[in-house]
Amino acid sequence: MRDIISLSDYCVVVFPSTSQALKAEKVLKSVEAEFVMMPTPREISTSCGLAVKFRPQKTDEYCQVLAESQVLIEGVYHISRDGKRAAVVKIFPQG
């Protein structure tokens with residue numbers, strides 16, 4: 001998991017509550033997903049302070065697993081960091 005922590009190009013899923021974030025952690029661990037829990041990046045304004053961080057190529061797979069387990073997702077973001085600057089793109093929901 002150490003390599004996921006140091007990624008500069010990654011996706012995060014944010015949740016409407018801490019209980020949903022903890023449910024997501026349990027669900028992803030049950031399918032042996034490669035992810036880390038992290039504080040929600042300050043570039044993303046949410047009501048919950050926890051997010052799940054993972055590789056971008058796993059976005060569809062992990063979001064599907066969470067949806068099937070009825071985990072409520074507030075948003076999914078792709079983040080690319082260059083030093084202290086971050087480019088944030090909202091993937092879900094679009095709008």
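Tutor: Let's start with the elements: helices (H or I, at least four residues) and strands (E, at least two) are DSSP runs, numbered from the N terminus. With that scheme, Q70 lies in the loop between α3 and β4. Keep in mind that this is a predicted model, where local features need pLDDT of at least 70 and side-chain atom pairs count only at pLDDT 80 or more, while totals for chains, interfaces and linings use all residues. Residues are numbered from 1 along each chain as its sequence is written, and side-chain values use heavy atoms, with hydrogens and water left out.

Student: What makes Q70 stand out, and what is its phi?

Tutor: Phi of Q70 is near 60°, which is positive in a residue that isn't glycine. E32 does something of the kind, with a positive phi of about 55°, and E32 is not a glycine either. E32 sits in the loop between α2 and β2 (36-39).

Student: Are Q70 and E32 buried or exposed, and how do you know that?

Tutor: Set the values against the rule: buried means under 20% relative accessible area, exposed over 50%, and partly exposed in between (1.4 Å probe, protein chains only). Q70 has 62% relative accessibility, so Q70 counts as exposed. E32, at 71%, is exposed too.

Student: How do you know how far to trust the predictor, and where is confidence lowest in the protein chain?

Tutor: By pLDDT, the predictor's confidence in each residue, from 0 to 100. The chain averages 91, and 94% of the residues score at least 70. Confidence is lowest in helix α1 (residues 2-5), at a mean of 83, and highest in α2, at 97.

Student: How many salt bridges does the rule give?

Tutor: Five. Among them is E25 with K29, at 3.6 Å between the closest N and O atoms. E25 and K29 are four residues apart in helix α2, so about one helical turn separates them. E25 is partly exposed at 22%, whereas K29 is exposed at 53%. Another is E61 with K58, at 3.4 Å, N to O.

Student: Why is the F54 and Y62 pair given its label, and which label is it?

Tutor: Rings of Phe, Tyr and Trp (its six-membered ring) pair if their centres lie within 6.5 Å; planes under 30 degrees apart count as stacked, over 60 as edge-to-face and the rest as tilted. The rings of F54 and Y62 have centres 5.3 Å apart and planes at 70°, so they're edge-to-face. That's the count for the rule as well: one aromatic pair. F54 and Y62 are both buried.

Student: What makes a set of residues a nonpolar core, and which members of the largest one touch the most others?

Tutor: A nonpolar core is a set of buried Ala, Val, Leu, Ile, Met, Phe, Trp, Tyr and Cys residues joined through side-chain atoms within 4.5 Å. The largest has 18 residues, of which V13, F15, L28, V52, F54 and L66 touch the most other members. At least two residues of this core come from each of β1 (9-14), α2 (18-30), β3 (50-54) and α3 (59-68). A second, separate core of 11 residues includes V14, V36, I44 and Y77.

Student: How do you know that β4 and β5 pair, and over how many bridges?

Tutor: Two strands pair if DSSP finds at least two bridges between them. Strand β4 (residues 75-82) and strand β5 (residues 85-92) have seven, in the antiparallel sense, so they pass. R81 is opposite A86 in β5. Two residues lie between the strands of this hairpin, where G83 takes a positive phi near 70°.

Student: Which residues does the cis peptide bond join?

Tutor: F92 and P93, with omega about -15°. P93 is in the segment after β5.

Terms used: Salt bridge = Lys/Arg side-chain N within 4 Å of Asp/Glu carboxyl O.
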